[in-house]
Amino acid sequence: MARMKFLCDADRCIECNACVTACKNEHDVPWGINRRRVVTLNDGKPGERSVSMACMHCTDAPCAAVCPVNCFYTTADAVVLHSKDLCIGCGYCFYACPFGAPQYPKVGNFGSRGKMDKCTFCAGGPDADGSKEEFEKYGNNRLAEGKLPLCAEMCSTKSLLAGDGDVIAQIYKERVSKRGYGSGAWGWQTAYKESIAT
Amino acid sequence: MAKLVAHMRVIAGAVALAFMIAMSAPVLAQQPGMVNPTADAVKEQQLLQQLKTIQGRGTIPDVRSYVLEHPVGRNWQQFHSVTLRWIGGIAIVGMLALLVVFYLARGMVRLESGRSGRKIVRFNGFERLVHWMTATCFIILAITGLNVTFGRPLFASTVGSEAFTTWAEWAKYAHNYLSFPFTIGVVLIFLMWIGGNIPNAVDVEWFKRGGGIVGHDHPPAYRFNGGQKAIYWIVVLGGGAVAITGYMLMFPFYGTTIDTMQYAQMIHAVVAMLFVAAMLGHIYIGTIGMEGAFEAMGEGTVDVNWAKEHHRLWLEDEVARSPKGARTQPAE
């Protein structure tokens with residue numbers, strides 16, 4: 001099985017936020033929750049770069065390690081998913097996540113955050129693939145349909161890559177060697193404990 | 001003549017143009033090599049080394065989402081999954097083991113002079129109410145809190161994830177809401193017993209003589225002996241620390257960031273583990289560890305001989321205050 005990863009080629013991202021919109025639309029993500037967002041660094045200055053970020057589906061995922069009820073699981077494709085039936089909304093995953101991925105429908109005073117929500121790599125959750133329950137809790141399960149995450153699929157500059165980690169790393173390497181520069185695979189060292197040598 | 005001048009002009013113009021092209025040609029040829037679009041670009045490793053976190057600007061209203069990367073979450077993961085479990089395990093299991101060994105070696109501290117049959121009031125109804133309110137909350141808070149750290153490795157697979165998550169959710173709400181009576185209890189304990197709990201020279205002597213627990217000595221003590229004062233300050237300071245850090249976690253982002261919440265959780269958890277270990281010792285001495293001790297907080301009265309052995313100076317004060325022993329009463 002492939003080891004699924006995200007890679008944002010920051011030298012191509014034009015901060016159009018289409019990935020954010022596509023994700024919200026595809027999964028009917030509730031108001032106030034953004035499973036993906038675009039962050040611009042050095043905004044308006046020379047060397048400005050934008051990076052599209054969501055759950056990176058980490059190796060040895062911190063969220064899964066600290067969850068007191070063990071609601072996380074890693075699929076055969078190495079996608080980190082969670083069960084909203086088991087989540088108690090304690091907030092631990094959100095202290096641990098290096099990418100700010102876990103979010104909650106409510107503010108969270110008195111521990112009333114509600115069920116955690118995060119990017120699923122368009123792979124749904126523990127409910128039956130393609131079921132109504134799965135869609136309502138986690139959104140569409142595109143992976144079960146043989147499709148890759150929509151954010152990356154519709155990225156107009158193909159800055160955001162999603163898929164088999166080895167394949168997207170290869171694509172990125174070729175790009176960097178062809179154009180002669182690359183600002184690196186953002187978040188890979190933290191998420192996957194490896195980076196792409198270019 | 002005019003024709004010649006015109007010719008010359010054209011030639012001069014052509015030479016000048018050729019010269020300009022010749023001069024500019026190397027510049028054009030060099031351009032792709034001279035432009036490096038990443039020369040000024042932000043570098044991930046550099047930013048992480050400088051700031052430990054990478055933050056930018058976004059376009060959605062949630063400003064907290066502008067933090068791109070915050071790798072210290074990995075350190076907190078290590079603390080929660082490894083360090084904290086060792087600290088808690090050693091403190092609590094170690095204390096239990098110590099108490100078992102101590103009980104087997106020393107047994108219950110008996111009333112050496114036997115019971116006199118006369119009783120003296122030690123804790124009034126209000127004091128006992130506050131004590132037991134705080135104690136009940138503490139026990140529930142301790143169990144539900146320990147569940148967050150140890151529940152998953154110990155029970156989750158045994159009872160099944162559905163059952164465990166139901167329990168864990170109730171435990172979370174119990175932990176959050178019982179914190180309020182617990183905090184009130186800690187404040188009341190602080191105010192109501194501060195008078196008898198200022199450390200003094202008698203406590204130094206008391207500790208030097210083993211407190212009557214180690215050995216069979218009966219060092220004199222006022223209303224609270226050195227050990228009880230230690231428990232008092234553990235409750236006041238430890239309780240205060242877990243209350244403050246707990247409320248920081250219960251109200252996220254009220255003056256806190258993810259970083260401060262991580263620190264708050266670390267302080268909360270470590271203090272709570274040590275607090276639980278200390279309270280195990282307190283419960284031991286108050287029950288099976290010492291004859292005649294439980295009734296002080298149970299019924300509110302103690303046998304005069306118990307007071308004589310363990311709190312001689314306090315008994316003398318009490319008797320001096322009411323020479324006829326108004327507060328003492330014969331047993332029925």
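In which helix of chain A does Cys93(A) lie? Cys93(A) lies in helix 3 of chain A, where helices (H or I, at least four residues) and strands (E, at least two) are DSSP runs, numbered from the N terminus. This is a predicted model, in which local features need pLDDT of at least 70 and side-chain atom pairs count only at pLDDT 80 or more, while totals for chains, interfaces and linings use all residues. Residues are numbered from 1 along each chain as its sequence is written, and chains are lettered from A and ligands numbered from 1 in the order in which they are written.

Cys93(A) is buried because 27 C-beta neighbours lie inside 10 Å; a residue is buried if 20 or more other C-beta atoms lie within 10 Å of its own, exposed if 12 or fewer, and partly exposed in between, with C-beta atoms placed from the backbone. Leaving aside neighbours within four places in sequence, Cys93(A) is in contact with Cys63(A), Val66(A), Cys67(A), Pro102(A) and Met116(A), a contact being a pair of residues whose C-beta atoms, placed from the backbone, lie within 7 Å. From C-alpha to C-alpha, Cys93(A) and Pro68(A) are 9.3 Å apart in space, although 25 residues apart in sequence.

Cys93(A) also belongs to the largest nonpolar core, which has 76 residues and in which Cys63(A) and Cys93(A) touch the most other members. Helix 3 (residues 92–96) of chain A gives the most to this core, with five residues. A nonpolar core is a set of buried Ala, Val, Leu, Ile, Met, Phe, Trp, Tyr and Cys residues joined through C-beta atoms within 7 Å. A second, separate core has 19 residues, among them Cys137(B), Val186(B), Val235(B) and Val242(B).

The two chains meet where 41 residues of chain A are in contact with 48 residues of chain B. On the side of chain A that touches chain B, strand 2 (36–41), strand 3 (49–54), helix 2 (62–66) and helix 3 each supply at least two residues. Strand 2 of chain A provides the largest share, five residues. By class, this side of chain A has 22 nonpolar, 15 polar and four charged residues; Ala, Val, Leu, Ile, Met, Phe, Trp, Tyr, Cys and Pro count as nonpolar, Asp, Glu, Lys and Arg as charged, and the others, Gly among them, as polar.

Chain B has eleven helices and five strands. Of its 332 residues, 28% count as buried. Among the contacts in chain B with a separation of 6 or more, 70% are accounted for by residues 24 or more positions apart.

Within chain B, helix 4 (residues 125–159) and helix 5 (residues 161–193) pack at an angle of about 150°, with their axes 7 Å apart. Helix 4 of chain B is therefore roughly antiparallel to helix 5 of chain B. The residues of this contact divide into 21 nonpolar, nine polar and one charged. Axes are lines fitted to C-alpha atoms, for helices over the stretch in contact, and angles run from 0 to 180 degrees between N-to-C directions; angles under 35 degrees count as roughly parallel, over 145 as roughly antiparallel, 65 to 115 as roughly perpendicular and the rest as oblique.

Glu15(A), in the loop between strand 1 (4–8) and helix 1 (18–27) of chain A, has a positive phi, near 55°. Glu15(A) counts as partly exposed, with 18 C-beta neighbours inside 10 Å.
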